[in-house]
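Q: Please take me through this model, beginning with the sheets and moving on to the helices and the backbone.

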Amino acid sequence: MTKPFFISPPRTRSTILYESLKTYISENTDLLPVNGHSEPFLHTLQNRTVVDPNGKQFLTEMYPVMTDKSINIHYVYPWIYGSNKESILQKIEQLKIARSNGNEYYMKGTYNMAEALDEVLEFFSDYDIILTLRKDISELVVSMLFATQSKFFHLREDNKELYKARSDKGITVRPEVLSEIGNFLDKVSKIYRLTSELPDAKVFYYEDLNSVESIDAALSDIVGEKFSVDYTDKRLPIKMENDYSKLIHNYDEVKEITQREINARTFY
């Protein structure tokens, strides 16, 4: 193994693979860590906002500061980049400067990179591309919608009670969010098509990462030697099988729209 770069739509179990390899990457490669968030190509986060004197909320922009020890993520407002695509392109330029100084980093990328995917792939052309996906794309969408609106992406040992409290309340996916499912799938479908466009990429599916043994096998495949996860680390995310038909109040509407949008696109 040389240099892994994860490309992962949300809710595909990429985080447990990525985080399980952090120590190994640090000890066996020259890649430096990312502090604050594993996906520095993201533009904004729903749970990172500032509030003006009138009580209006504004999303902050994710701004990576690259050093010879790590990338440190800052959240800024007013925005520096201005748009998702521009943020990706300018971050690539920042990474090129860092590379010229001898610094490269261990990070993930997600679906928003689809707006500048060619430029991303060109920069990471000498990395080992790891794709994490779901076989059931409709469940990927439903899981993402629940995580986004509940503002809870990862279940861990130290947040079980809070996760359960939020899950018990359930959510209703708002109309303005439903209207964005198509745009989300436009980007996700480009990531899925990489399975044929990048024949050397390693591909792992959420549904197959359903046990300690299967996760260990995936990690061993990535690093090229036997590897196992230490589940005593309470920071690692925990897999939970959610019945979204009980957690999403307008589940039938969400599934109908999602399946219609999936049928209108090509993923493979």
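This is a predicted model: local features need pLDDT of at least 70, side-chain atom pairs count only at pLDDT 80 or more; totals for chains, interfaces and linings use all residues.

Q: What is the strand order in the parallel sheet?
A: The order is E6-E1-E7-E8, an open sheet of four strands with parallel pairing. Strands (E, at least two residues) and helices (H or I, at least four) are DSSP runs numbered from the N terminus, and two strands pair if DSSP finds at least two bridges between them.

Q: Which strands stand at its edges?
A: Strand E6 (108-109) and strand E8 (202-205) do; each has a single partner strand, so one side of each is left without a neighbour in the sheet.

Q: How many bridges join E1 and E7?
A: Four bridges join strand E1 (residues 4-7) to strand E7 (residues 128-133), in the parallel sense. Phenylalanine 5 has isoleucine 129 of E7 as its bridge partner.

Q: Which helix packs on that sheet, touching E1, E7 and E8?
A: Helix H10 (residues 212-223) does, and its direction makes about 170° with that of E8. Contact means heavy atoms within 4.5 Å; axes are lines fitted to C-alpha atoms, for helices over the stretch in contact, and angles run from 0 to 180 degrees between N-to-C directions.

Q: And the sheet with mixed pairing: what is its order?
A: That open sheet of four strands runs E2-E5-E4-E3. Strand E2 (34-35) and strand E3 (44-51) are the edge strands, each pairing on one side only. E3 pairs with strand E4 (residues 57-66) in the antiparallel sense over four bridges, and threonine 49 has leucine 59 in E4 as its bridge partner. Helix H3 (residues 84-100) lies across E4 and strand E5 (71-76), at about 20° to E4.

Q: Changing topic: at what angle do H5 and H8 pack?
A: Helix H5 (residues 137-150) and helix H8 (residues 181-192) pack at about 125°, with axes 12 Å apart. The two helices are therefore oblique to each other; under 35 degrees counts as roughly parallel, over 145 as roughly antiparallel, 65 to 115 as roughly perpendicular and the rest as oblique.

Q: Which residues meet there?
A: Ile137, Leu140, Val141, Met144 and Leu145 in H5 meet Ile181, Phe184, Leu185 and Tyr192 in H8. This contact of H5 with H8 has nine nonpolar, no polar and no charged residues. Ala, Val, Leu, Ile, Met, Phe, Trp, Tyr, Cys and Pro count as nonpolar, Asp, Glu, Lys and Arg as charged, and the others, Gly among them, as polar.

Q: How many aromatic pairs are there?
A: The count is 14. One of them is tyrosine 24 with phenylalanine 227, edge-to-face at 5.6 Å centre to centre and 80° between the planes. Tyrosine 24 is in helix H2 (residues 22-28) and phenylalanine 227 is in the loop between H10 and helix H11 (244-247), 203 residues apart. Rings of Phe, Tyr and Trp (its six-membered ring) pair if their centres lie within 6.5 Å; planes under 30 degrees apart are stacked, over 60 edge-to-face and the rest tilted.

Q: Which peptide bond is cis?
A: The bond from tyrosine 77 to proline 78 is cis, with omega near 5°. Proline 78 lies in the loop between E5 and H3.

Terms used. Residues are numbered from 1 along each chain as its sequence is written. Side-chain values use heavy atoms; hydrogens and water are left out.
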